[in-house]
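Subject: A structure for you to look at

Hi there,

Here is the structure I promised to pass on. Please open it in your viewer and keep it beside you as you read.

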Amino acid sequence: MPQQPARGTRLFTVTADTLVAVDFGPRTKRRPPGPYGRLFARPGTRAFTLANLLARLPMGMFSVSAVVMIAGTRGSYALAGAVTATGLAATALVAPWTARLVDRYGQARVAVPATLVAALGSLALLLCVRYDAPAWTLFAAYAATATTPNTGGMSRARWAHILDGDPDALHTANSFEQAADELCFMLGPVLAAFLCGAFFPEAGTLVGVVLLVTGVLAFAAQRSTEPPPSGRTTTGATTTTPPAPSPLRSPGMPPLLAVCLALGAVFGSTEVVTIAFADAQGYRTAAGVVLALQAGGSCAAGLLYGRVRFAGAAEDRYPWCVAAMTALLVLPLLAASLTGSLLLLSAALLVAGMATAPTMITNVTLVQRRTPDGRLNEGMTLAVTALLGGIACGSAAGGWAVEHLTPTAGYGVPVTAAAVALLVALTWPGVRTPAV
């Protein structure tokens with residue numbers, strides 16, 4: 001049997017007066033890797049990203065699981081809402097201090113014990129609900145979960161450390177992280193609702209604790225990509241480097257946090273109003289799917305945004321992103337008021353969500369540039385804290401609008417909050433001033 005020519009071999013033959021060359025090489029050319037391919041080609045990036053995603057997924061599970069668990073056993077949505085609101089307020093107070101410790105002493109040394117304390121708080125809440133403990137114990141237990149570290153912020157800090165000096169790659173990394181946030185907050189509530197409904201009311205909290213602890217332990221084990229702590233010691237006498245100034249004092253940081261507060265109000269009010277609108281239409285159980293579509297639109301836009309290379313400064317893009325978000329949020333208001341169709345509202349929210357990720361990605365980029373060296377986790381956690389505060393305010397405002405006006409009119413709340421964010425981005429000095 002004749003042997004086949006090796007790949008890449010060229011054979012030549014003569015037919016009449018024509019020289020014929022036969023090339024047995026592969027016919028397809030390898031495409032150069034895209035921006036995300038180049039990003040994850042760096043050593044260690046895939047391992048810490050997968051571990052962080054595992055730890056981040058429960059962030060979208062805990063509040064839903066707590067509400068279902070408490071309301072299902074105590075029969076009170078008011079108590080469930082008050083407990084989760086207490087946890088949110090405690091997180092807003094504790095998270096910046098936890099992030100400061102992470103910056104100073106390292107991610108592994110602080111994140112692991114902080115996560116274990118938060119896990120014990122979730123388990124304590126589960127046991128208190130299960131064994132009908134007094135109501136005040138629920139508040140105390142859920143407040144203990146405030147020590148949960150900002151896993152998304154730690155992942156972004158690793159990218160900033162690895163990609164130091166490469167703004168294009170950092171833009172792609174921030175885009176991926178925002179898309180990952182949207183994906184986790186889209187899948188988390190769905191997974192929590194399924195677990196609590198298909199098994200037992202405590203299942204969502206229990207699985208969330210296992211995922212959180214496992215993910216953080218795996219993330220902390222990836223030491224090669226961990227940024228060095230700011231509180232280094234020299235050999236010999238123990239001396240620490242002087243701490244960098246607080247991110248709150250950085251020029252341009254307060255208006256960015258103010259925008260985060262307003263954007264949080266957009267998210268909180270949209271969630272409450274959408275649930276109320278779906279309930280008024282007789283499809284309350286579909287509210288989660290409708291909100292997931294909005295998160296899905298944001299996730300897709302974030303991944304696409306990360307592939308684009310911009311020539312101008314992020315400070316110049318920022319107001320345009322907020323303006324696009326404000327304009328697109330008018331679509332759900334129009335869909336709800338003019339048609340009253342939940343299907344059209346879902347499509348409008350899908351489109352409106354496409355401006356969310358670009359806005360948040362640009363916001364994170366500006367926060368990173370304005371945060372002093374050695375305080376990056378704290379700076380990004382302050383932005384998350386502002387978002388949480390805005391979500392709480394937006395939820396209250398959206399609930400008031402639904403209760404005293406109509407669910408349709410409630411969609412004016414996120415539009416108003418976005419307009420406030422735009423006003424701050426356009427008028428507050430420091431937002432459009434490039435970081436030094």
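Below is what I found in it, part by part.

One thing to keep in mind from the start: this is a predicted model.

Let's begin with the empty space. Rolling a probe the size of a water molecule over the atoms shows where empty space is left. In this model there is one cavity of 30 Å³ or more, and the volume of the largest cavity is about 50 Å³. To find the place, select the residues that line it: Ala 95, Thr 98, Ala 99, Val 102, Pro 149, Asn 150, Met 154, Asn 377 and Thr 381. Two elements each give two or more residues to this lining, namely helix H4 (77-105) and helix H16 (376-404). The most comes from H4, with four residues. What kinds of residues make up the lining of the largest cavity? Five are nonpolar and four are polar, with no charged ones.

You will find Thr 98 in helix H4. Is Thr 98 buried or exposed? Its relative accessibility is 9%, so Thr 98 counts as buried, the cut-off for buried being under 20%. Leaving aside residues up to four places away in sequence, Thr 98 touches Val 110, Ala 114, Thr 147 and Pro 149. Pro 149 also belongs to the cavity lining, as does Thr 98.

Next, the nonpolar cores. The largest has 76 residues, and Ile 70, Leu 125, Leu 138 and Trp 159 are those with the most contacts inside it. If residues up to four places away in sequence are not counted, Trp 159 touches Leu 39, Phe 40, Thr 45, Phe 48, Thr 49, Leu 170, Ala 173 and Glu 177. There is also a second, separate core of 12 residues, with Ala 336, Leu 349, Val 402 and Tyr 411 among them.

Ile 70 leads us to helix H3, where Phe 62, Ser 65, Ala 66, Met 69, Ile 70 and Ala 71 are buried. H3 covers residues 62-74, and its 13 residues reach 18 Å from the first C-alpha to the last, close to the expected 18 Å. Just after H3 comes Gly 75, with a positive phi of about 70 degrees.

H10 runs over residues 253-280 and has 28 residues, reaching 41 Å between its first and last C-alpha, close to the 40 Å expected. Just after H10, Gly 282 has a positive phi of about 85 degrees.

Enjoy exploring, and write back with any questions!

Best wishes

How values were computed:
Residues numbered from 1 in each chain as written. Predicted model: local features only at pLDDT ≥ 70, side-chain atom pairs only at ≥ 80, totals over all residues. Heavy atoms only, no water. 1 Å grid on protein atoms, 1.4 Å probe; cavity = no way out; pocket = protein on both sides within 12 Å on 5 of 7 lines; lining within 4 Å. Points joined across faces, edges and corners; volume = space filled by probe spheres on them. Nonpolar A, V, L, I, M, F, W, Y, C, P; charged D, E, K, R; others polar. Expected span 1.5 Å × (residues − 1). Buried < 20%, exposed > 50% of the residue type's maximum accessible area, 1.4 Å probe, protein only. Core = buried A, V, L, I, M, F, W, Y, C linked by side-chain atoms within 4.5 Å. Contact = heavy atoms within 4.5 Å.
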